[in-house]
Amino acid sequence: RQRAEKGNPQADVISGLVQTALYQLKDEGLLTPYTPTWAEGLPAAYKDKDGYFYSFWQTPIIIGYNTQYIANPPASWQDLIKDEYKGKYAIGSTSSQTVRTYLIGMLWPYYDAATGDISQEGWDFLTKLYANAYAMPTDADAWKVYADGTVPITLNWFGGAKAKSAAYNAPIAYVKPADGTPVVAEGIAEVAGTDQEAMEQAFIEGWGKPETMAAYANQVGQAPAHPDAIALCNDEVKADATMFKAQDIDWEVCSKKMDAWFEKIELEIMP
């Protein structure tokens, strides 16, 4: 919609999009740089180096496992291709933001800056990943088969996995890879061409300040990105917000490359 309204923008602020989407809008000239005061202290992973957008939420994309059925969990994303995990996890649709994020996270270690693409080793890994996965029927209840041990490993977003495992009364523990786990971060930015600049900047300023983020996080259980906001949260949110190490991924590069990557995955890798 923002693309369609480029010549006559109706919105002043865009909020809730993840890194790759915001980088695409930046490249298309649809955002204007604005740096709120709360950008100070925000980790570099959660802000555009040119000041076009800043993230306020963090959502780790995780490997979770049912401890009733998995005694020796994988130590990393790369471990999933081992024989012992064959049929123990499923890969969702590439239309899903969560799925796209963990596939990018698994491909990123194979990104070759010299060629600007994924190495053949990376594509070979992904081929094995799909071959080792459980073929989930389209009408299957993914959490039912997680709970009964049919597919006891879930590749998911942290908040959803936490809530669903509780709803299905199924235990869950999380893999914490040494090189980190992909983190989706929702951001906020000023729309290029806004005629309400003072108002939208005041909104961005108020929305992202640590006190606002902490108050909202304590209500909904979402983890803030800003360390000052995390410090103001309740103990459960603090624990969730600091549980995982964020994988070092250049999301700006990924935003430019991922359409071609997913075309290759869908046409050449997926069974």
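**Close-up views of a predicted model**

**View 1. Surroundings of threonine 154.** Leaving aside residues up to four places away in sequence, threonine 154 touches Ile62, Ile63, Gly64, Trp143, Tyr146 and Ile172. The model shown here and in the other views is predicted. Threonine 154 belongs to strand β6, which covers residues 153-157. With a relative accessible area of 9%, threonine 154 is buried, because buried means under 20%. Its side chain also makes a polar contact of 3.2 Å with the side chain of asparagine 156.

**View 2. A stacked pair of aromatic rings.** The structure holds 14 aromatic pairs. In the pair formed by tryptophan 57 and tyrosine 216, the ring centres are 5.6 Å apart and the planes stand at 25°, so the pair is stacked. Planes under 30 degrees apart count as stacked. The pair links distant parts of the chain: tryptophan 57 is in strand β3 (residues 54-65) and tyrosine 216 is in helix α7, 159 residues apart. Tryptophan 57 is buried, at 5% relative accessibility, whereas tyrosine 216 is partly exposed, with a relative accessible area of 35%. Both residues belong to one aromatic cluster, made up of Phe56, Trp57, Trp207 and Tyr216.

View 3. Which residues of α7 are buried? They are Pro210, Met213, Ala214 and Ala217. These residues cover an arc of only 95° around the axis, so they are on the same side of α7. On the other side of α7, Glu211 and Gln219 are exposed. The elements that cover the buried residues of α7 include β3, α6 (197-208), β9, α8 (227-231) and α9 (235-241).

**View 4. Glycine 221, after helix α7.** Glycine 221 follows α7 and has a positive phi, near 80°. The loop that holds glycine 221 runs between α7 (210-220) and β9 (223-224). Is glycine 221 buried, exposed or partly exposed? Glycine 221 has 40% relative accessibility and therefore counts as partly exposed. The C-alpha atom of glycine 221 is separated by 22 Å from that of isoleucine 14, and the two residues are 207 residues apart along the chain.

**View 5. The whole protein, for orientation.** The protein has 10 helices and nine strands. Along its principal axes, the C-alpha trace spans about 55 × 45 × 35 Å. For 271 residues, a compact globule would have a radius of gyration near 18 Å; the protein has 20 Å, which agrees. Of the 271 residues, 49% are buried. Counting contacts between residues at least 6 apart in sequence, 72% join residues at least 24 apart.

Terms used:
Residues numbered from 1 in each chain as written. Predicted model: local features only at pLDDT ≥ 70, side-chain atom pairs only at ≥ 80, totals over all residues. Heavy atoms only, no water. Helix = DSSP H or I, 4+ residues; strand = E, 2+ residues; numbered from the N terminus. Buried < 20%, exposed > 50% of the residue type's maximum accessible area, 1.4 Å probe, protein only. Polar contact = N/O pair within 3.5 Å; in protein donor to acceptor, adjacent residues only side chain to side chain. Contact = heavy atoms within 4.5 Å. Phe/Tyr/Trp six-rings, centres within 6.5 Å; stacked < 30°, edge-to-face > 60°. Arc of directions from axis to C-beta. Rg over C-alpha atoms; globule rule 2.2 N^0.38 Å.
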